[in-house]
Amino acid sequence: MRARDNPFAADRVERIRYRFAGASLDELLTRLEEMNYRGAIVGPEGSGKTTLLEDLHEILERRGRRTRFLFVNDASPLPEAECRRLLSELTPQELVLLDGADAIRRSSWSLFRRHTVRHAAGLIVTSHRPGLLPTLIECSTTPTLLKEIVTDLTSRTRNVSPILLDDLHRRHRGNLRTCLRELYDLYAQET
Amino acid sequence: MRKLSIELNDGKNVFAPGERVEGRIEWSADEDLKALELSLLWYTSGKGTRDAGVVHSKRIDRPGAFGSDTFSFTLPSGPYSFSGKLISLIWALELTCTPGKDTVRKEIVVSPTGREILLTGLAGQGRGQENQPGEFLKRILGVQHASA
């Protein structure tokens, strides 16, 4: 199968947006307001934290909020000097969305947390573990969610075996990103 | 409601590197648009991170609520349109309007052979066969779904 025809190609997967299991997006936004726009999206790898933060980013911008989206991981770290420079540029009207808060050094995080209290309109982060900021929402996945996403990505006439999906979800410990990559490889073998 | 369209001259959608890509764009909206941007670009699709390159673009400020315009871009010498199992490189014309995110895209093929280059492992694949599940894929489909 050509990469462009693979239903699990990265660009197709990226179009899948966050799906709420319980609370709705409106409820989340209300909660965010109640938390004075300071909170953490918490969850394990591949549970949708970044997707949800991106969705929030788009909604907040659409509502006229000024935002600054920062992405940090081991490959794109945030050295302390860079952190200080970013913070010095912040305006009190800006809402900071920080993806990967637990990937920045403790000293930089400390600086970030304190500085944004006074010098930003809010701070929303993603983190693998709770405790950096009050938890806004905990993300998790289920085999049912994986099935829904796979059904949307493949045509409905090509449903992947539910047994395979249950097994994938278990083996990848709920990490939907790696589940979908394995499905990419399975489909790629199709010639 | 907005309507954007891209038409290529003579319906041609396969080009040789260095050739000119010419056509016409049309737009209509309920309100005046701020800007339109037409880009000639390539992007990758596949397993890994996406890559993309904009080769030419044409911006029209304050195009009004409706209208049309012609375009003519010269293709570079590469990259060629190609597909393997891990990555495809796709050429396209993309028309975007602001405000909003309305976009229309028209794919083209850029190749010296007149066809997308198929990498090893796909070279023998016939046209139209990619939508038919093969034996390997059938194995990962549920028995009850395999013939669906």
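I take helices (H or I, at least four residues) and strands (E, at least two) as DSSP runs, numbered from the N terminus. This is a predicted model, in which local features need pLDDT of at least 70, side-chain atom pairs count only at pLDDT 80 or more, and totals for chains, interfaces and linings use all residues. Residues are numbered from 1 along each chain as its sequence is written, while chains are lettered from A and ligands numbered from 1 in the order in which they are written.

**Entry 1. Chain B, overview**

I looked up the elements of chain B and found one helix and eight strands. Read from the N terminus, their order is β-β-β-β-β-β-β-β-α. I then looked up burial, where a residue is buried if 20 or more other C-beta atoms lie within 10 Å of its own, exposed if 12 or fewer, and partly exposed in between, the C-beta atoms being placed from the backbone. Of the 148 residues of chain B, 20% count as buried. Two residues are in contact if their C-beta atoms, placed from the backbone, lie within 7 Å. Of the contacts in chain B between residues at least 6 apart in sequence, 65% join residues at least 24 apart.

**Entry 2. Chain B, strand pairs**

I next followed strand β7 of chain B, residues 103–110. Two strands pair if DSSP finds at least two bridges between them. Strand β2 (residues 14–15) of chain B runs parallel to β7(B) and is joined to it by two bridges. One bridge partner I noted is B:V110 in β7(B), which belongs to B:F15. Strand β6 (residues 87–98) of chain B runs antiparallel to β7(B), with six bridges between them. Here B:A92 stands opposite B:E107 in β7(B). The hairpin of β6(B) and β7(B) has four residues between the strands, and B:G100 in this hairpin takes a positive phi near 100 degrees.

**Entry 3. Chain A, overview**

I counted eight helices and five strands in chain A. From the N terminus on, the elements run α-α-β-α-β-α-β-α-β-β-α-α-α. The C-alpha atoms of chain A fill a box of roughly 55 × 35 × 30 Å, taken along the principal axes. Of its 191 residues, 36% count as buried. Among contacts in chain A with a separation of 6 or more, residues 24 or more positions apart account for 82%.

**Entry 4. The sheet of chain A**

In what order do the five strands of the open sheet of chain A stand? I read β2-β3-β4-β1-β5, with parallel pairing. β2 (66–71) and β5 (135–138) of chain A stand at the edges with a single partner strand each, so one side of each has no neighbour in the sheet. The twist averages 15 degrees from one strand to the next. Strand β1 (residues 38–42) of chain A is joined by five bridges to strand β4 (residues 122–127) of chain A. In β4(A), A:I124 is the bridge partner of A:G39.

I then looked for a helix on this sheet. Helix α3 (residues 49–62) of chain A lies across β1, β2, β3 (94–99) and β4 of chain A, and runs at about 165 degrees to β3(A). For such angles, axes are lines fitted to C-alpha atoms, for helices over the stretch in contact, and angles run from 0 to 180 degrees between N-to-C directions.

**Entry 5. Two domains of chain A**

Chain A is divided into domain 1 (25–138) and domain 2 (141–188), with bounds that come from an automatic or database domain assignment. Their centres, taken over C-alpha atoms, are separated by 29 Å. Four residues of domain 1 of chain A are in contact with six residues of domain 2 of chain A.

**Entry 6. Helix α7 of chain A**

Which residues of helix α7 (residues 162–171) of chain A are buried? I found A:L165, A:L168 and A:H169. Seen down the axis of α7(A), the buried residues fall within an arc of 95 degrees, so they line one face of the helix; the arc is that of the directions from the helix axis to the C-beta atoms. These buried residues pack against α6 (143–153) and α8 (176–188) of chain A. On the other side of α7(A), A:I163, A:R170 and A:R171 are exposed.

**Entry 7. A:N175**

I ended with A:N175, which lies in the loop between α7 and α8 of chain A. A:N175 is partly exposed, with 17 other C-beta atoms within 10 Å. Not counting residues up to four places away in sequence, A:N175 touches A:P44, A:E45 and A:G46.
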